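I opened the notebook to record a few look-ups. The entries follow in the order I made them.

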Amino acid sequence: MFCHAMQAGRRQRPTSAARWILQGRIATASELPASDFLQVVDATWLVLNVLTNGCSTNDAQPVGVTKIAKSVIAPLAEHNVSVLMLSTYQTDYILIREQDLSTVIHTLAPEFNIFQEVNGELLRVKHEEASNGFLKSKPVQLTVHPVQSPRNQFCILSLNPDTLPAIAVTLIEVLFYSARCHENPSNTQDLESIRFFAISLIEGYISIVMDTETQKMFPRDLLLTSSAGELWRMVRIGGQPLGFDECGIVAQISEPLANADISAYYISTFNFDHALVPEEDISKVIQVLQKRQESGR
């Protein structure tokens with residue numbers, strides 16, 4: 001596995017230092033079988049995982065999208081780096097294009113110590129080496145996208161992989177046969193509800209996000225959540241398909257929420273980006289993001 005790690009090197013930093021790990025790559029269009037039904041972006045994506053507690057993998061903890069909004073997400077947006085976010089029940093991942101790696105490292109090097117994994121060992125990367133091939137991007141005017149907040153509730157769950165066969169039939173029904181999951185999305189600013197289902201399987205860990213109506217289709221005793229069993233509300237970003245080329249989409253949501261000290265669970269998709277926030281914070285979130293939209297016009 002090819003890996004980069006970044007350890008915080010700021011003068012004023014939290015007790016537990018942060019690090020970046022480049023965990024792998026996602027296949028390009030040329031590596032997938034041809035299909036008339038599958039559209040694939042012709043680019044290689046690298047998966048970055050932000051953790052705490054220095055370079056100890058065993059003790060590392062996820063830091064969350066709002067925790068890295070100012071130190072990571074916003075600087076990358078300023079350097080025209082397009083990122084996709086994928087929050088899971090266990091941690092958060094940032095996807096960047098392989099062609100942007102030198103820009104990413106050059107941008108973050110002043111704040112982080114950077115390491116490359118070679119044969120399982122983390123080796124320090126010099127700033128000059130990390131910036132090889134870096135070309136400074138011209139600043140661009142970021143597009144402020146509309147945000148929508150459906151009224152229904154959502155849950156963030158995990159699942160023991162050993163119990164996956166027990167819900168396989170339900171999963172197939174939800175993903176492929178449930179009419180509720182194929183409703184045309186509304187483009188109105190005041191959504192009553194949307195059907196949402198996202199599942200990820202990463203290194204043996206399963207994470208599921210779904211609306212509470214869809215949750216009723218699954219056996220409750222198999223789905224795992226926190227002891228508090230909290231519910232979440234959603235903010236959906238974009239009035240038309242966002243695609244993967246535009247930069248600054250994650251930043252325009254995560255940075256205002258970070259300033260307001262509101263945690264968020266973030267999922268990027270081709271059509272929309274989705275931020276899930278604690279239900280009790282939704283009124284404040286809408287107020288904060290509306291203010292951000294007005295200031296960006």
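Entry one, G229. I looked up G229 and found a relative accessibility of 37%, so G229 counts as partly exposed. The model is a predicted one. G229 sits in the loop between β12 (223-224) and β13 (232-237). I then checked its distance to I156: the two are 73 residues apart in sequence, and their C-alpha atoms lie 9.1 Å apart in space.

How many cavities of 30 Å³ or more does the structure hold? I found 1. The space in the largest cavity comes to about 130 Å³. I noted why a search of this kind works: rolling a probe the size of a water molecule over the atoms shows where empty space is left.

I listed the lining next. It has 20 residues, and S82, V83, E246, I249 and V250 are the ones nearest the centre of the cavity. Two or more lining residues come from each of α1 (69-78), β4 (83-87) and α6 (249-259). By type, the lining has 12 nonpolar, 5 polar and 3 charged residues.

Entry three, α1. The buried ones are A69, S71, V72, I73, A74, P75, L76 and A77.

After α1 comes N80, in the loop between α1 and β4. N80 is not a glycine, yet its phi is positive, at about 60°. I wrote down the background: most residues other than glycine have a negative phi. N80 has 22% relative accessibility, so it counts as partly exposed; the cut-off for buried is under 20%.

D261 is in the loop between α6 and β14 (265-268). Is D261 buried or exposed? With a relative accessible area of 64%, D261 is exposed, as the cut-off for that is over 50%.

β4 runs antiparallel to β5 (residues 92-97), and 5 bridges join the two. One pair I noted is L84 with its bridge partner L95 in β5.

The largest nonpolar core has 36 residues, and I94, I96, I253 and Y266 touch the most other members. α6 gives the largest share of this core, 5 residues. Another core lies apart from it, with 13 residues, including I167, L171, F218 and L223.

I then followed I96. Leaving out neighbours within four places in sequence, the contacts of I96 include W45, L48, V81, L101 and V104. S82 and V83 are also among the contacts of I96, and both are among the residues nearest the centre of the largest cavity.

H274 belongs to strand β15 (residues 273-278). Its relative accessibility is 5%, so H274 counts as buried. Which residues does H274 touch, not counting those up to four places away in sequence? I listed F196, M234, V235, R236, I237, Y265, Y266, I267 and T269. Y266 is also one of the residues that touch the most other members of the largest nonpolar core.

Note on methods. Residues are numbered from 1 along each chain as its sequence is written. This is a predicted model: local features need pLDDT of at least 70, side-chain atom pairs count only at pLDDT 80 or more; totals for chains, interfaces and linings use all residues. Side-chain values use heavy atoms; hydrogens and water are left out. On a 1 Å grid over the protein atoms alone, a cavity is a set of points where a 1.4 Å probe fits but cannot get out, and a pocket is an open set with protein on both sides within 12 Å along at least five of seven lines; lining residues have an atom within 4 Å of a point. Grid points are joined across faces, edges and corners, and a volume is the space filled by probe spheres set on the points. Helices (H or I, at least four residues) and strands (E, at least two) are DSSP runs, numbered from the N terminus. Ala, Val, Leu, Ile, Met, Phe, Trp, Tyr, Cys and Pro count as nonpolar, Asp, Glu, Lys and Arg as charged, and the others, Gly among them, as polar. Buried means under 20% relative accessible area, exposed over 50%, partly exposed in between (1.4 Å probe, protein chains only). Two strands pair if DSSP finds at least two bridges between them. A nonpolar core is a set of buried Ala, Val, Leu, Ile, Met, Phe, Trp, Tyr and Cys residues joined through side-chain atoms within 4.5 Å. Contact means heavy atoms within 4.5 Å.
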